Amino acid sequence: MMRYIITDFTKAEKGKVELCFNENITLWLYQGEARELSLAKGVELSEDEYQNLLHEVIGKRAVKRAMHLLERQERTERQLREKLMRNRYPQEAVEDAIAYVKKYHYLDDERYARTFIQFHQEKRSKMRIWNDLSKRGIPKDLIENCMEEEFVSDEKMQILDLLEKKNFSLDTADQNECRRIYQFLVRRGFRGSDIMSVMEQRYDSQNA
């Protein structure tokens, strides 16, 4: 059975200590936790003691941290996982935290995707929302399902609304202005054919 020896014990910022086990495993604890467990340089832990440290001490703290992060704002699984890793929680503790918040539905990628689509579909194109969700780590098949059921916005009406807000008219716009507005809408994720169709319809209605 593997033994874990603390080969380095260094005080760090914010009342923490950095523990190095077997010269290649690094864990971060609060000084109070280290004192309570009598941890110091040269101390040797059994496999069971080390696993207890990972899951019962750091893992439970990771759960509390995850809950705090989700109380402040809803996140996807990828976002929460990356945040915990940046907070220097070991992989095992991160998995403990993810499993806990998923079990009690504090973390739910499907709910996140549906809410995101409902909230943004009046202002963003279908492609823009798709890309936004993908960047947040939502799986492709889940995006497809949620889009099919939740996205009901008329993209041409969105384009028309944006053109009106920009006071854009083919009658008065020069070539540079047309190009600028077109690129603006493309960056929003709208299809080029839809943009041109709405521009022409707006021109026809203004000159009817």
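Q: In which sense does helix H5 cross H7, right-handed or left-handed?
A: In this predicted model, helix H5 spans residues 109–120 and helix H7 spans residues 140–150, and the two pack with their axes 10 Å apart. Where H5 passes H7, the crossing is right-handed.

Q: Are H5 and H7 roughly parallel or oblique to each other?
A: The angle at which H5 and H7 pack is about 40°. Angles under 35 degrees would count as roughly parallel, and those from 65 to 115 as roughly perpendicular. The pair is therefore classed as oblique.

Q: How many nonpolar, polar and charged residues make up the contact of H5 with H7?
A: From H5, the residues that meet the other helix are Asp109, Glu110, Ala113, Arg114, Ile117 and Gln118, while H7 contributes Leu142, Cys146, Met147, Glu149 and Glu150. Sorted by class, this contact of H5 with H7 comprises five nonpolar, one polar and five charged residues.

Q: Which strands are the edge strands of the open sheet?
A: The open sheet is built from four strands in the order S3-S2-S1-S4, with antiparallel pairing. An edge strand here pairs on one side only, and this applies to S3 and S4.

Q: How many bridges join S1 to S4?
A: Strand S1 covers residues 4–11 and runs antiparallel to S4. Within this pairing, Ile5 has Glu44 of S4 as its bridge partner. The number of bridges joining S1 to S4 is two.

Q: What angle does the direction of helix H2 make with that of S3?
A: Helix H2, formed by residues 47–72, packs on the sheet and touches S1, S2, S3 and S4. Its direction makes an angle with that of S3 of about 50°.

Q: How many of the six residues of S2 are buried?
A: In the sheet order S3-S2-S1-S4, strand S2 lies between S3 and S1, and it pairs with S1 in the antiparallel sense over five bridges. S2 is largely enclosed by the rest of the structure, because its buried residues, those under 20% relative accessible area, number five of the six.

Q: Which residue takes a positive phi in the hairpin of S1 and S2?
A: Four residues separate the strands in the hairpin of S1 and S2. In the hairpin of S2 and S3, where three residues lie between the strands, Asn22 in the turn has a positive phi of about 55°. For the hairpin of S1 and S2, the residue with a positive phi, near 55°, is Lys14.

Q: What is the relative accessible area of His105?
A: His105 is found in the loop between helix H4 (91–103) and H5. Its phi is near 60°, which is a positive value in a residue other than glycine. The residue is classed as exposed, with a relative accessible area of 51%.

Definitions and conventions
Residues are numbered from 1 along each chain as its sequence is written. This is a predicted model: local features need pLDDT of at least 70, side-chain atom pairs count only at pLDDT 80 or more; totals for chains, interfaces and linings use all residues. Side-chain values use heavy atoms; hydrogens and water are left out. Two strands pair if DSSP finds at least two bridges between them. Axes are lines fitted to C-alpha atoms, for helices over the stretch in contact, and angles run from 0 to 180 degrees between N-to-C directions. Angles under 35 degrees count as roughly parallel, over 145 as roughly antiparallel, 65 to 115 as roughly perpendicular and the rest as oblique. A crossing is left-handed if the near helix is turned anticlockwise from the far one by less than a right angle, and right-handed if clockwise. Contact means heavy atoms within 4.5 Å. Ala, Val, Leu, Ile, Met, Phe, Trp, Tyr, Cys and Pro count as nonpolar, Asp, Glu, Lys and Arg as charged, and the others, Gly among them, as polar. Buried means under 20% relative accessible area, exposed over 50%, partly exposed in between (1.4 Å probe, protein chains only).
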